[in-house]
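Open the model in your viewer and keep the sequence panel beside it. This tour goes stop by stop: select, look, move on.

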Amino acid sequence: MSDVVVTQSGPVLEILFNRPEKKNALTRAMYAAVEGAFRHADEDPSIRVVLLSGAGDTFTSGNDIKDFQARAATNEAVHASPFLTALSSLATPLVAAVNGAAIGVGTTMLAHADLVVAARSARFVMPFTSLGLVPEAASSLLFPRLVGHQRASALLLLGEPMDAETAREWGFVNQVVADEDLMATARGVASRLAALPPAAVRQTKDLIKNGRGDVPGRIAEELVLFRDRLRSPEAAEAFQAFVEKRKADFSKFS
Ligand code: COA
């Protein structure tokens, strides 16, 4: 079965990260598949809502770290770049159903979702600095706005995890439900949205996101730094430590 499964259920396009043996870590092919599904959703008038979820016990563990290592050796653009553009400009409403870990881009992508349903097991982590990286997906802009400067600093500088209930209190997720109720609840939210007049819904989403005109510029600015960081000795140490299942040692860096 494919690492990304896209199915249409009536007016709802369901996108499933489906690489549970690797905690749904996102490869280049997976980004391309999701980006294609987003574009398809905006082009096909029969699709009124997109629903994003992850298979197994994880939403997604973020970018595949072995892909990061491979990328560091080349000068290629960051894989996630076209995906982030499609995500941040998606006109169709996006509902996310999150269980287990949502790491790195697994969390930052949710700042672009319109409605987020979290299972009690959900845990949001953005460990960019500990990987020698900087934030992406305009999270450096959106998180301070959403949760305030100090909380954003704890999340993005320290990489502190945010549990489901905290995420709800801070306005990052709409509701927290029992794990076994996650998909039924999220599908219910998607169905409610899909039953509303579609043009009014799309225009309302557009208006809500109207104040985000600075997002594309920030995504681009972050990615310039991100690409340099991917090639940094700090990131090389962090990636190698992950592969070797040991704690990274940053003591030698100034
Ligand atoms: N990239 C590549 N492989 C990953 C991965 C990632 N982001 N996340 C998990 N995997 C792989 C593991 O290497 C392991 O592979 P193996 O079975 O071949 O050894 C497999 O997925 C299972 O992961 P494991 O760590 O054993 O599961 P766990 O339940 O103990 O922990 C996580 C799950 C998600 C908490 C942990 O895997 C993790 O922290 N992953 C890295 C997250 C990260 O830093 N992402 C980058 C963000 S910018």
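Start at P144. P144 is partly exposed, with a relative accessible area of 29% (buried is under 20%, exposed over 50%, partly exposed in between, with a 1.4 Å probe and protein chains only). This is a predicted model: local features need pLDDT of at least 70, side-chain atom pairs count only at pLDDT 80 or more, and totals for chains, interfaces and linings use all residues. Residues are numbered from 1 along each chain as its sequence is written, and side-chain values use heavy atoms, with hydrogens and water left out.

Stay on P144. Set aside the neighbours within four places in sequence, and P144 is in contact with S139, H149 and A152 (contact means heavy atoms within 4.5 Å). For scale, select L94: P144 and L94 are 50 residues apart in sequence and 22 Å apart in space, C-alpha to C-alpha.

**α5 and α6**

Select residues 139-147 for α5 and 149-156 for α6. Their axes come within 7 Å and cross at roughly 135°. Axes are lines fitted to C-alpha atoms, for helices over the stretch in contact, and angles run from 0 to 180 degrees between N-to-C directions. The two helices are therefore oblique to each other (under 35 degrees is roughly parallel, over 145 roughly antiparallel, 65 to 115 roughly perpendicular, the rest oblique). The crossing of α5 and α6 is right-handed: a crossing is right-handed if the near helix is turned clockwise from the far one by less than a right angle, left-handed if anticlockwise.

Now show side chains. S139, S140, F143, P144 and V147 of α5 meet H149, R151, A152, L155 and L156 of α6. By class, the contact of α5 with α6 holds 6 nonpolar, 3 polar and 1 charged. Here Ala, Val, Leu, Ile, Met, Phe, Trp, Tyr, Cys and Pro count as nonpolar, Asp, Glu, Lys and Arg as charged, and the others, Gly among them, as polar.

**α3 and α10**

Next, select 80-88 (α3) and 215-230 (α10). The axes come within 11 Å and cross at roughly 165°. That makes α3 roughly antiparallel to α10. The crossing is again to be inspected face-on: α3 passes α10 in a right-handed crossing. Show S81, L84 and S88 in α3, which meet V215, I219 and L223 in α10. This contact has 4 nonpolar, 2 polar and no charged residues.

**Aromatic rings**

How many aromatic pairs does a search of the whole structure find? There are 8 (rings of Phe, Tyr and Trp, the last by its six-membered ring, pair if their centres lie within 6.5 Å; planes under 30 degrees apart are stacked, over 60 edge-to-face, the rest tilted). Select F17 and F59, an edge-to-face pair at 5.4 Å centre to centre with 70° between the planes. F17 sits in strand β2, F59 in the loop between β3 and α2, 42 residues apart. Both F17 and F59 are buried.

Move to F68 and F226, a tilted pair: 5.7 Å centre to centre, 50° between the planes. F68 in α2 and F226 in α10 are 158 residues apart. F68 counts as buried at 7% relative accessibility, and F226 at 2%.

**Last stop**

Select K23, in the loop between β2 and α1. K23 has a positive phi of about 55° although it is not a glycine.

Technical notes
Helix = DSSP H or I, 4+ residues; strand = E, 2+ residues; numbered from the N terminus.
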